[in-house]
Amino acid sequence: MKFAFLPLVFMLGVHWSWSQNVAEKLGYPPDTKLLIIHADDLGVTHSENAASIVGMSEGCVNSGSIMVPCPWFMEIAKTAAANPAMDIGVHLTLTSEWATFKWGPVAGQSKVPSLVDRNGYFFDNVPEVAEKGDAMEVKVELTYQINMALANHIEVTHLDTHMGALLANKGFLKSYLEIGNQFQLPVLVSKELPRIEDPEIVALLQAGNQVVADRVIGASPRDFESGMDTFYKTVLTNLKPGFTVLLIHLAYDDAEMQAVTIDHPNWGAAWRQADLDFFKSAQCADLLAENKVVLLQWREIRDKIIRAK
């Protein structure tokens, strides 16, 4: 099975020219270590939903995002609607990556034919949807996903992109930013993104008063093999000042999640259990305190920056 994630960290040393950093815009000292610990993939399974709720209610996880096209969307939508203080975004989805567990567009395949395979599901990898997908159809599908979340009374705080698909080409990125600006929601992008200084992209960022993360961090398969505790301890201990988003995936290593991720240990059931174990641990809380990390929510960015124009 093709299963390609775009790299989360590009380490290109891009120089961002805006005068104020995110901390200053929010009223923090400029050298503050701001961190969002962000749980991806809510809605994909019951296991993912249950573990993510535990991570947010009992652990250090302070944000998450929902995959609207997925089978367990309604369960997490009801939870989010009943708990509007949860920092919940839409994990905008254009791929269906697992071998036997599939989903397709909310808009319906007739409205977005370039985004589906011969079975009517999203493609299972980013390069294929980037090659075949039409940017205008992408915008249609993104609009349907956000409107479905809003129609189910989710207090949407931000937008981000499943598997980095919306960062795969300029047309997709423009659709992503245009939708964020339309709904007045912060959109997860990073200074490490190669196209971040393209004049058209800069214009869209400025038009929406968008915030750009200094860095986006996520574990790699090599980190999983070496031990998630070691990786996350290193990340938190060495966190630099600025605005960082740490992407994690929480689920139980149970029969449901094992079946969904069959034959794929990377981002699989054991990986997600390891994420949950670390981020609900006392060690995680202690590391945040010891390193003077300030946990930030997307809601604060939305209300104090994006919608404060």
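Which residue in strand 6 does Gly218 stand opposite? Gly218 faces Leu247 there. This is a predicted model, so let's walk through it piece by piece.

**A covered strand.** Strand 5 (residues 215–218) and strand 6 (residues 242–249) pair in the parallel sense, over four bridges. In a regular strand, side chains alternate between the two faces of the sheet. Here both faces of strand 5 are covered: Arg215 and Ile217 are buried on one side, Val216 and Gly218 on the other.

**Two helices side by side.** Helix 6 (residues 170–183) packs against helix 7 (residues 199–207) at an angle of about 10°, and their axes are 9 Å apart. That makes the two helices roughly parallel. Among the residues that meet are Leu173 and Leu177 in helix 6 and Ile201 and Leu204 in helix 7. By class, this contact has six nonpolar, one polar and four charged residues.

**Salt bridges.** Side chains of opposite charge can pair when their charged atoms come close. The structure holds 11 salt bridges, including these:

| Pair | N to O distance |
|---|---|
| Arg272 and Asp41 | 3.0 Å |
| Glu200 and Lys170 | 2.6 Å |
| Glu300 and Lys304 | 3.3 Å |

Arg272 lies in helix 11 and Asp41 in strand 1 (residues 33–42), so their bridge ties together parts 231 residues apart in sequence. Arg272 is buried at 1% relative accessibility, and Asp41 is buried at 3%. Helix 11 (residues 269–279) is itself mostly covered, with nine of its 11 residues buried.

By contrast, Glu200 is partly exposed at 38%, and Lys170 is partly exposed at 26%. Both belong to a network of salt bridges that also links Lys174 and Asp198.

Definitions and conventions. Residues numbered from 1 in each chain as written. Predicted model: local features only at pLDDT ≥ 70, side-chain atom pairs only at ≥ 80, totals over all residues. Heavy atoms only, no water. Buried < 20%, exposed > 50% of the residue type's maximum accessible area, 1.4 Å probe, protein only. Pairing = 2+ DSSP bridges. Axes fitted to C-alpha atoms, helices over the stretch in contact; angles between N-to-C directions. Parallel < 35°, antiparallel > 145°, perpendicular 65-115°, else oblique. Contact = heavy atoms within 4.5 Å. Nonpolar A, V, L, I, M, F, W, Y, C, P; charged D, E, K, R; others polar. Salt bridge = Lys/Arg side-chain N within 4 Å of Asp/Glu carboxyl O.
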